[in-house]
Amino acid sequence: MSRLDRRSFVLGGAAAALLTAGGGVGAQVTPQLPHDPFQLGVASGDPTTDGFVLWTRLAPAPLNPDGLGGMPATNVDVEWQVATDGNFANVVASGIVTAVPSSAHSVHVEVSGLDHSRFYYYRFRTVSTPAHISPRGRTRTAPGPGVMPAKMTIAVASCAHFEEAWFHAFRQIANDSPDLVLFLGDYTYEFSTDKDTNVREYVDWGTDVVDTLAEYRLRYAQHRTDPALRAAHAAAPWAVVFDDHEVKNGYHAGTPSAAQKAQALQAWYENMPVRAAQRPNGSAITLYRRLEWGALGRFHMLDTRTTRSPMATDMPSCATIGSPNHRMISGTQEQWLLDGLATHPATWDLIGQQVFFANRDPDRDPTTCDGGSESWDGYRQQRDRIAAGWVTRGVPNPVMLTGDVHRHWAVDLLQNPYNSNSAHIGVELVTTSVSSGGPRASTEPDILQPHPVMPYIKYRRDRRGYVRCTLTAADLTAEFMTVSSTTEPDFSRVTVTPDRRFVVPAGQRRLMPG
Ligand code: FE
Ligand code: CA
């Protein structure tokens, strides 16, 4: 520990003493932690105008098979600090929290009372013998209400199968250090693949598929052994939602069991920089929420999984799809979304969600009602209610941000999704996978010119990467970032560059070549 560290953490110690004097924290034997417990790194998330949530989890032996990270079965107090400078000379907030074994020694701190539109640094220290200091994270607060920042940069990412490619996209996100990272699901996968092109393997506990709390916890711990992923978390606040693979492939209202969902969601919460409002209660969770970015952006983060209508088959019947009660999101969430779209204090309304929204099948006839269970095509009544809802509410610039399909897509959204001559009502930017699928996810050809049958589909590319967006009051620029090699382990020998760039001028609700 440097002298600076010692001096600045005296402040944290004083805060700890005050909290202890106020009752409730402390009063235990100082635990012995011989090895570094911060190997899973640090993270922050869900910024507001005056704060954010800070996260870490103590795990000196991340891959221990019991999922407990090598921690003793005792409480450990953890000090935290927020500073305006990276040397922690000017600490502006600090405190102490207790990491407990029942939450796998995870730490979530909701910081408030900070300045808006400002970058901060944060770190943790264990109250242990010896004491350990975490790596440093960088995060920020949002602009105040009505404040128009010059610009906002975001990274949109999803689908990070650990085995199938190196996490170069995460390294580039860390290098970008955007204002916000949106992660739209499939952070981990419950299954192992056996592809010739795999670059590494999930640890194997003798089961093919993860379905216990210990195994779910281990998945997150193994992902966080990747330095590029830790760097991406330490570089910027994230807004995270899950999709199916954090739980089980095809997860919806009917499957898997409530007990398995509860274990998966507990592990997800323990390992994500999310607020207590997103803490699961058994298999129930409030995942959907909004983030505000002054006069520039409003983010609506959806839960398309936990209340999705039960699905008997992959291709449900016409009667099922035609029913207004056949829902991707609950009626309560649909109303919450439409209410949030009724006022639009910001230029851009960005809907961060998991699965494909636009119609993407040229052979799909709306009168036959077919549509799979894994995209909004299979829930078209609700999709069309939502799209019509933002049109009638006069939303100036709706942008759907989507993951799941392991390919980049750039799509204009149409008032009638089955008529290419219909009015343009928004855009959908679909991020490819960080790593899932490896060198190629499918055998379908790329779409590099507007699709001949569906010209509102401007682009599709099967590479690994993420979408980098820059928002201003005048336009949104979307860069479809692609990784040059999924199998080369050395980041200095790969490139992560824009394969295609589109611009959405404010008020136009359509993609233009960038
Ligand atoms: Fe995926
Ligand atoms: Ca998925």
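Modeller: Buried here means under 20% relative accessible area. Please keep in mind that this is a predicted model.

Colleague: Which residues of β8 are buried on one side, and which on the other?

Modeller: In a regular strand the side chains alternate between the two faces of the sheet. In β8, Met152, Ile154 and Val156 are buried on one side, and Thr153, Ala155 and Ala157 are buried on the other, so that both faces are covered.

Colleague: With which strands does β8 pair, and in what sense?

Modeller: β8 pairs with β18 (residues 465–471) in the antiparallel sense over five bridges, where Met152 stands opposite Leu471; with β9 the pairing is parallel, over four bridges, and Val156 has Leu182 as its bridge partner there.

Colleague: Turning to charges, how many salt bridges does the structure hold?

Modeller: Side chains of opposite charge can pair when their charged atoms come close. The structure holds 26 salt bridges. One of them joins Lys458 and Asp412 at 2.8 Å, N to O, and this pair links distant parts of the chain, with Lys458 in strand β17 and Asp412 in strand β15, 46 residues apart.

Colleague: Why do Lys458 and Asp412 count as buried?

Modeller: Lys458 counts as buried because its relative accessible area is 15%, and Asp412 because its value is 0%, the cut-off being under 20%.

Colleague: Which residues form a negative surface patch?

Modeller: That patch is formed by Asp194, Asp196, Glu201, Asp204 and Asp208; among them, Asp196 is exposed, with a relative accessible area of 83%, and lies in the loop between β9 and α3.

Conventions: Residues numbered from 1 in each chain as written. Chains lettered and ligands numbered in written order. Predicted model: local features only at pLDDT ≥ 70, side-chain atom pairs only at ≥ 80, totals over all residues. Heavy atoms only, no water. Patch = residues over 30% accessible without salt bridge, like charges linked within 9 Å, V, L, I, M, F, W, Y side chains within 5 Å. Areas by Shrake-Rupley, 256 points an atom, 1.4 Å probe, with all protein chains shown as cover. Salt bridge = Lys/Arg side-chain N within 4 Å of Asp/Glu carboxyl O. Lys, Arg positive; Asp, Glu negative; His and termini not counted. Charge placed at Lys NZ, Arg CZ, Asp CG, Glu CD. Helix = DSSP H or I, 4+ residues; strand = E, 2+ residues; numbered from the N terminus. Buried < 20%, exposed > 50% of the residue type's maximum accessible area, 1.4 Å probe, protein only. Pairing = 2+ DSSP bridges.
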